[in-house]
Amino acid sequence: MKNIITWNVNGIRAIEKKGFADWLMKESPEILCIQETKAHPEQLGRSLLEIGPYKSYWESAEKRGYSGVATYTKSKPLETRVLGVDAFDSEGRVQVLIFDQYAIINGYFPNSQEAGKRIDYKIAYCNTLLEQAEKLVKEGHNVIICGDYNIAHKPIDLKNPTRNEKNPGYLPQEREWMEHFLNSGFSDTFRMFNQEPDNYTWWSYRFRSREKNIGWRIDYHCVNESFKSNIQGCEILADVMGSDHCPVRITVK
């Protein structure tokens with residue numbers, strides 16, 4: 001069994017000061033995918049680029065201090081890719097890592113912003129990522145699409161759905177895309193094991209939201225249908241602090 005974790009860290013340099021390396025060594029997943037790194041690797045010390053048995057791979061935004069994804073892995077990937085679309089790659093939105101048993105898409109999905117200011121950009125990104133995932137499946141890979149999707153799929157996935165219907169992350173277009181995605185041969189691994197409400201992965205820093213568990217479930221591991229039987233569990237690690245998001249872990253056979 002191997003554990004794979006996704007976590008929006010909301011700034012790798014900030015979370016480094018909160019015991020990130022010690023947590024990683026203690027948790028000891030096979031692979032950790034992080035989002036919103038807000039850093040370029042040349043800005044970081046060697047102690048953060050190589051932690052114990054982990055090597056790290058980075059896709060950073062051209063804009064400093066913004067967006068970005070990275071992956072810590074014990075096993076060297078056979079290949080790494082990006083989406084191949086400059087509008088998304090320039091923001092460090094996706095990293096594709098090919099391993100023997102599966103391909104991982106580590107994604108930091110755009111925020112659609114107030115009044116849907118970036119909704120067209122976001123849906124274009126989502127469609128491009130889905131095309132990449134479908135291409136990988138056709139190439140014979142099993143696929144794990146993990147990261148911060150910035151979408152709560154259904155009312156069960158956020159505390160106050162009615163109040164948030166016009167807010168970014170729960171806009172009709174976003175929910176429709178998520179439904180389309182999950183009807184295109186991919187499964188939300190958390191809902192394979194848990195159908196209960198009040199399970200969230202992001203909480204606002206305002207109004208003591210995390211303490212009150214007023215949150216959203218917007219961080220996912222999704223897999224292609226034929227790989228579902230290899231997923232042995234999915235757990236939200238809500239007690240892990242350091243970011244406004246918490247990690248999500250899957251166990252893979």
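User: Why is Lys55 called partly exposed?

Analyst: Its relative accessibility is 43%. Buried means under 20% relative accessible area and exposed means over 50%, with partly exposed in between (1.4 Å probe, protein chains only), so Lys55 falls into the class in between. Please keep in mind that this is a predicted model: local features need pLDDT of at least 70, side-chain atom pairs count only at pLDDT 80 or more, and totals for chains, interfaces and linings use all residues. Residues are numbered from 1 along each chain as its sequence is written, and side-chain values use heavy atoms, leaving out hydrogens and water.

User: What makes the pair Glu50 and Lys55 a salt bridge?

Analyst: The closest N and O atoms of the two are 3.4 Å apart. A salt bridge needs a side-chain nitrogen of Lys or Arg within 4 Å of a carboxyl oxygen of Asp or Glu, so the pair qualifies. Glu50 also meets Arg46 in a salt bridge, at 3.1 Å from N to O.

User: What does the salt bridge between Arg81 and Glu139 tie together?

Analyst: Their closest N and O atoms are 3.4 Å apart. Arg81 lies in strand β6 (residues 79-81) and Glu139 in the loop between α5 and β9, so the pair ties together parts that are 58 residues apart in sequence. Helices (H or I, at least four residues) and strands (E, at least two) are DSSP runs, numbered from the N terminus.

User: How do you know that the buried residues of α6 are on the same side?

Analyst: In helix α6 (residues 172-182), the buried ones are Glu174, Trp177, Met178, Phe181 and Leu182. They cover an arc of only 130 degrees around the axis, which puts them on the same side of α6; the arc is that of the directions from the helix axis to the C-beta atoms. They pack against α5 (119-138), β9 (143-148), β10 (186-188) and β13 (219-224), where contact means heavy atoms within 4.5 Å.

User: What makes a set of residues a nonpolar core, and which members of the largest one touch the most others?

Analyst: Such a core is a set of buried Ala, Val, Leu, Ile, Met, Phe, Trp, Tyr and Cys residues joined through side-chain atoms within 4.5 Å. Of the 29 residues in the largest, Ile105, Tyr125, Ile145, Tyr149, Trp177, Met178 and Phe181 touch the most other members. Helix α5 gives the most to this core, with 9 residues.
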